[in-house]
Structure formats: structure tokens, C-alpha cells
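Subject: Structure for you to look at

Hello,

Here is the structure for you to open.

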Amino acid sequence: MMEHQPPLFKEKSAKKKKLSCTASVPREEEEQNVEPKLPSSPGPTLNPVLSKAQISDLKWKKIKKENLDLDYVVLLPRLTATALLQALEEQVEYFTGDLARVRVFGKWHNLPRKQATYGDPGLTYTYSGIQTPARPWPQPLRRIRDLLTEVTGYDYNFVLINRYKDGSDKMGEHKDDEKELDPKVPIASLSLGQQRDFYFRHQDSRPPKKINIEKVQMQLQHGSLLLMNPPTNQYWYHALPPRKASPGVRINLTFRKVVAKHSPKK
């Protein structure tokens, strides 16, 4: 079971400090409006990735509708996810200035969240009128990237990080269908911190068509992984709406396969 896996993180200090959260993965209804508490111990380091046996024990949930294909699993035990959240709070450098703005319908707005991008040398990612450079992988992101390769079988070379300070921060409806992305590789979305509501809306249910196609709604738990498999992002928008009842910090990491412009597509 997931809660019996050896953690990806261990403490640098020889003395183990008592953590303020439990070792088991909480039930969804218990976690919804509770912000995971960060341990007060020194910055964590990573242990090796999960074994093949542990990966095979993951309890995946498949969600399918017309041209929608999702896989969802609680990937990390609560303590491991909380240690990773702490490491990212200490090490991630978020954009400022022009890179912290987005163009919507021709007008520039400040992002209602913080963003950062990391990845392989020379890669960039363009969306909503901005081009973001890939900073070098720090150790926690590199190890999580390698874990996702073990879990999914795909090689990811880029990650977009969004930090939501509380329930007022949000992400509007959009599709991750930029031409830089390899369309055959699913986007892997890892959620840490405050559980938040998340939904998918079919493109034909939006104006001007407004066809009656039901939304797909879910809650993204602390330590969970959501795979958006093709052709999902060709047909479905997704969003993270604001929630006053969700006061805690949330960090979301969406790992992607960016096709370098100087390299031919395979």
C-alpha cells in the first residue's frame, strides 16, 4: 500500500523531530480544507525513487468521457508530500516583472498566482503571450521528474510550477495545447498542499456553441498525480477556481515534454 512505502525524503539532521502530520494518506473528506503543516526540521534531501513493486501497487483511477482521458492516483504519502512542499518553498525562484504577467484578450494582467519554470538546457515554453526560460533542475525537481518517469514510462524535460498562496489565487479555463509540447506525451500534474477543486469543460460547451456537455469535476489531494492523456487537451479546457474555504498554500507542478526547436520531431 502507498502508506508503507519508504519516503522519497529524509531529514538531514541526525535527530528526528516529531512532525505535526500523520504518516498515512488522509481520506479526501478529512483533508479538504486543512493545510498540511510544514515540518520544522532542516531542509529535506531525497531518497531513491519507488521500487517496481511499489509502483505496481499504486491505486489508479481512470476517468474517461468523449475525448477525455485522465488517470489519477495519490502518489506520495502525506509526510513525503509535505517534505517536498517544504523543499520547494525554500528553493523555487518565482518570476517577477514581465514574466509575472499574462495577456488575456489582448490586455496584460498580473498573474493571480506565482509561476516558475525549470527544465533541460535551452528549452523555453510560450503561452498567453509570454516566453518562459527553463532554469536548471534543482535536486528535488530532478528526483521527482525521475520518479514520474518510473511511474509513467515517459521522459519529461520541463516543468511549470504554479504557487497559490490561498484560495483567492486561481487558474482560469485554458488548454495545454501549445505547439512546443509533444502531443503524444501526457501532462503529469503533481499537487502539493491545500486540496483544491478542479474541473474540465468541453470546448463545445463554451460560447458560442454552448452544447450541454457536463463538466468533469474533481478534488486534487495533497501528494496526488493527475495524468492528462491525449487527446484531452485538444478538446477540454481545465481550470482551478477560487475557493474562500481553502485557505492554505498549494503548489502544482505540471511536467511536460517540450520539443526543442532545433531538434527534429521523432
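Predicted model: local features only at pLDDT ≥ 70, side-chain atom pairs only at ≥ 80, totals over all residues.

Residues are numbered from 1 along each chain as its sequence is written, and side-chain values use heavy atoms, with hydrogens and water left out.

Nonpolar cores

A nonpolar core is a set of buried Ala, Val, Leu, Ile, Met, Phe, Trp, Tyr and Cys residues joined through side-chain atoms within 4.5 Å. Buried means under 20% relative accessible area, exposed over 50%, and partly exposed in between (1.4 Å probe, protein chains only).

The largest nonpolar core has 32 residues, and Leu75, Ile161, Leu253 and Phe255 have the most contacts inside it. Several elements each supply at least two residues of this core, including helix 3 (78–91), strand 10 (158–164) and strand 17 (250–256). Helix 4 gives the most, with 5 residues. Helices (H or I, at least four residues) and strands (E, at least two) are DSSP runs, numbered from the N terminus.

Leu253 touches a number of residues, among them Leu88, Leu141, Ile161 and Leu192, not counting residues up to four places away in sequence. Contact here means heavy atoms within 4.5 Å. A second, separate core has 26 residues, including Leu68, Tyr125, Ile130 and Phe158.

An open sheet of 4 strands has the order 11-16-13-14, with antiparallel pairing. Strand 11 (171–174) and strand 14 (216–220) are at the edges with a single partner strand each, so one side of each has no neighbour in the sheet. Two strands pair if DSSP finds at least two bridges between them.

Strand 13 (residues 196–202) pairs with strand 16 (residues 236–240) over 4 bridges, and 5 bridges join strand 13 to strand 14. Phe200 has His238 in strand 16 as its bridge partner, and Phe198 stands opposite Met218 in strand 14.

The loop residue

Ser205 lies in the loop between strand 13 and strand 14. Is Ser205 buried or exposed? Ser205 is buried, with a relative accessible area of 13%. The Ser205 side chain reaches the backbone oxygen of His202 at 2.7 Å. Ser205 also touches Lys210, Ile211 and Ile213, again leaving out residues up to four places away in sequence.

Regards

Key:
Polar contact = N/O pair within 3.5 Å; in protein donor to acceptor, adjacent residues only side chain to side chain.
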